[in-house]
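Take a look at the structure below and keep it open while you read. We'll visit a contact, some rings and a pair of helices.

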Amino acid sequence: MSRSPKTLMLSGMIVLAMAAHVSATPRPVLLPRDAKNFVDCSASQKTKINTALADAAKLANIAATEIDRSSTAFKHYLRDEDGDSAVKMWSMVAANNDPTNPPYSLAITDAAPQDGDTLREMKICPRFFSPQQRETKNDLNSKKYDKGKRGSWCQDGQHFRDFETAGHTILHEMTHLDALGKAAGVDSHQDASGLTTHGTDDVGGFGNEYVSAAREFLDAWVDDPGSLDPNAIKPWQNAENLAAAATEWWFIKQCGFTNIDL
Ligand SMILES: [Zn+2]
């Protein structure tokens, strides 16, 4: 899978950026300005990215508000002690894409950087828009939710890869933003390059498949934490653990599944 750490795929086509606003307000929030800057995008590409942003918010919202901590959606990716931080991160993703919540909305096009803050950017390249790109070709509304029906999201016998959406990728990428984690109020950590960040990382050492790596990383924390580096990130600090939990919970809820196989 070609999602690279911190940026999405290749050259910049759309740039999303957010800056944390830490001021006299009691709780840091993301600025309403936070940038969405379309560069050479067609109308259909703008529609695709806006749908993906809305889907990321839907996935994050249902995870933040409803996830059952005894479900596989939680237990495949998170420990009990990860739950509160995960909910904070999902809540901030949801808040920042909620069109009914204008102060938090990303749907504003001024890209001017904040004084004193370095904008973190999310770059989205042409492959994101390819109808051949398995990870991003679908949106949450690309199929019906008819239980058991062929061609439906709820068709039996599918695997996690069949449930990936562009919104899933956007959710994964948004959690990498330091500003998002800072606004969510979660703990910071040092990433591999020594930078202190409140955003998530992409864990290494568990293979190139993001979802199976997320599950194996959780298993290592549960079954053999001594095998991990003393400074290892927690499961909730790995981007795909948050994204996959939200996607798995969405389809468990919508389709009545009890588990999603890899
Ligand atoms: Zn990533």
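Let's start with E66: if you skip its neighbours within four places in sequence, E66 is in contact with W249 and K253, where contact means heavy atoms within 4.5 Å. E66 and K253 are 187 residues apart along the chain, yet their C-alpha atoms are separated by 9.4 Å. You'll find E66 in helix α1 (residues 43-66). Helices here are DSSP runs of H or I with at least four residues, strands are runs of E with at least two, and both are numbered from the N terminus. E66 counts as partly exposed because its relative accessibility is 38%. On that scale, buried is under 20% relative accessible area, exposed is over 50%, and partly exposed is in between, using a 1.4 Å probe and protein chains only.

A quick word on what you're looking at: this is a predicted model, in which local features need pLDDT of at least 70 and side-chain atom pairs count only at pLDDT 80 or more, while totals for chains, interfaces and linings use all residues. Residues are numbered from 1 along each chain as its sequence is written, and side-chain values use heavy atoms, with hydrogens and water left out.

Now compare S85, which sits in helix α3 (residues 83-95). Is S85 buried or exposed? It counts as buried, because its relative accessibility is 16%. Again leaving out neighbours within four places in sequence, S85 is in contact with V186 and W236.

On to the rings. A search of the whole structure turns up seven aromatic pairs. Rings of Phe, Tyr and Trp (its six-membered ring) pair if their centres lie within 6.5 Å; planes under 30 degrees apart are stacked, over 60 edge-to-face, and the rest tilted.

| Pair | Type | Centre to centre | Between the planes |
|---|---|---|---|
| W153 and F163 | stacked | 6.4 Å | 25° |
| F163 and F251 | tilted | 4.8 Å | 45° |

W153 counts as buried because its relative accessibility is 0%. F163 is buried too, at 1%, and so is F251, at 0%. Ring pairs join Y145, W153, F163, F251 and F257 into a cluster.

Some rings also have a charge over them, meaning that NZ of Lys or CZ of Arg is within 6 Å of the ring centre and within 35 degrees of the ring normal. The charged end of K143 sits over the ring of W153, 4.7 Å from its centre. R79 does this with W221, at 4.6 Å from the ring centre.

Finally, look at how two helices meet. The axes of α4 and α7 come within 8 Å and cross at roughly 145°; axes are lines fitted to C-alpha atoms over the stretch in contact, with angles from 0 to 180 degrees between N-to-C directions. On the α4 side, the contact is made by H168, L171 and H172, and the α7 side supplies A239, E240, A243, A244, A246 and T247. How enclosed is α4? Nine of its nine residues are buried, so α4 is largely enclosed by the rest of the structure. Among those buried residues are H168, L171 and H172.
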